[in-house]
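Student: Can we go through this model together? I'd like to know where each label comes from.

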Amino acid sequence: MNKTIIAHTPTEMEEIGIELASILTDGMVVSLVGPLGAGKTTLTKGIAKGLLITDVVVSPSYMIARSYEGRLCMHHIDAYRVSSLDELAEVGLDEYLPPESGISVVEWPDRIEGLVDISHIKVTIELLDSGLSEFDEDRRVNISKQ
Ligand SMILES: Nc1ncnc2c1ncn2[C@@H]1O[C@H](COP(=O)(O)OP(=O)(O)O)[C@@H](O)[C@H]1O
Ligand SMILES: [Mg+2]
């Protein structure tokens with residue numbers, strides 16, 4: 001599968017996540033690639049909704065990872081401050097890559113060599129320069145199932 005969708009608003013970005021959740025199965029890793037403010041966490045909130053997670057999803061930045069219970073457990077990982085798979089293993093996060101149960105959503109996977117390659121689904125988000133402020137610019141979202 002490879003498709004590209006334009007998200008005009010944060011709500012549309014969430015809806016893309018809700019739809020993506022419907023194809024997720026146990027053990028999958030989803031990579032979210034895109035710059036700061038692209039909408040990675042917004043998309044993750046949609047995935048959580050689609051997985052019937054009722055807890056509020058917050059950026060895991062300071063925790064590196066958070067897990068949420070739902071139809072499937074969602075492990076939300078922010079790799080921004082991590083530089084290698086070894087470093088992830090040191091803090092025990094390798095157990096989520098891939099997870100034995102539930103699914104993992106990784107922001108900044110491209111900061112760790114090899115992580116995008118082991119992902120089952122790669123989502124790439126780009127800001128489309130429309131002359132508007134970045135707060136209401138469209139996003140181009142490409143989803144590819146590898
Ligand atoms: N089309 C859009 N899709 C997603 N987010 C958007 C869009 N337009 C504006 N935004 C805003 O951009 C920001 C994206 O933040 P966030 O999801 O935390 O990004 P990231 O996790 O990639 O850093 C939010 O403030 C959101 O409201
Ligand atoms: Mg984020």
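Student: What makes the crossing of helix 1 and helix 2 right-handed?

Tutor: A crossing counts as right-handed if the near helix is turned clockwise from the far one by less than a right angle, and as left-handed if anticlockwise. Helix 1 passes helix 2 in the clockwise sense, so the crossing is right-handed. Here, helices are DSSP runs of H or I with at least four residues, strands are runs of E with at least two, and both are numbered from the N terminus.

Student: Which residues make the contact between them?

Tutor: Among them are Met13, Ile16 and Leu20 of helix 1, and Leu43, Ile47 and Gly50 of helix 2. Contact means that C-beta atoms, placed from the backbone, lie within 7 Å. By class, there are eight nonpolar, five polar and four charged residues in this contact. Nonpolar covers Ala, Val, Leu, Ile, Met, Phe, Trp, Tyr, Cys and Pro, charged covers Asp, Glu, Lys and Arg, and the others, Gly among them, are polar.

Tutor: A quick note on the source: residues are numbered from 1 along each chain as its sequence is written, while chains are lettered from A and ligands numbered from 1 in the order in which they are written. This is a predicted model, where local features need pLDDT of at least 70, side-chain atom pairs count only at pLDDT 80 or more, and totals for chains, interfaces and linings use all residues.

Student: Why is helix 1 called oblique to helix 2?

Tutor: Their angle is about 45 degrees, with the axes 6 Å apart. Under 35 degrees would be roughly parallel, over 145 roughly antiparallel, 65 to 115 roughly perpendicular, and the rest is oblique. That makes helix 1 oblique to helix 2. Axes are lines fitted to C-alpha atoms, for helices over the stretch in contact, and angles run from 0 to 180 degrees between N-to-C directions.

Student: In the sheet, what makes strand 1 and strand 3 edge strands?

Tutor: The open sheet has seven strands in the order 1-7-6-2-5-4-3, with mixed pairing. Strand 1 (2-7) and strand 3 (65-68) each have a single partner strand, so one side of each has no neighbour in the sheet. From one strand to the next, the twist averages 15 degrees.

Student: How do you know that strand 2 and strand 6 pair?

Tutor: Pairing takes at least two DSSP bridges between two strands. Strand 2 (residues 29-33) and strand 6 (residues 121-127) have four, in the parallel sense, so they count as a pair. Leucine 32 stands opposite valine 123 there. Strand 3 and strand 4 also have four bridges, but run antiparallel. They form a hairpin with five residues between them.

Student: Which residues come nearest to ligand 1?

Tutor: Met13, Gly39, Lys40, Thr41 and Thr42, out of 19 residues around ligand 1. A residue is near if its C-beta atom, placed from the backbone, lies within 6 Å. Helix 2 (40-50) gives the largest share of the shell, three residues.

Student: What makes leucine 52 and proline 98 stand out?

Tutor: Most residues other than glycine have a negative phi, and most peptide bonds are trans. Leucine 52, however, has a positive phi near 60 degrees, and sits in the loop between helix 2 and strand 3. Leucine 97 and proline 98 are joined by a cis peptide bond, with omega about -5 degrees. Proline 98 is in the loop between helix 3 (85-90) and strand 5.

Terms used: Two residues are in contact if their C-beta atoms, placed from the backbone, lie within 7 Å.
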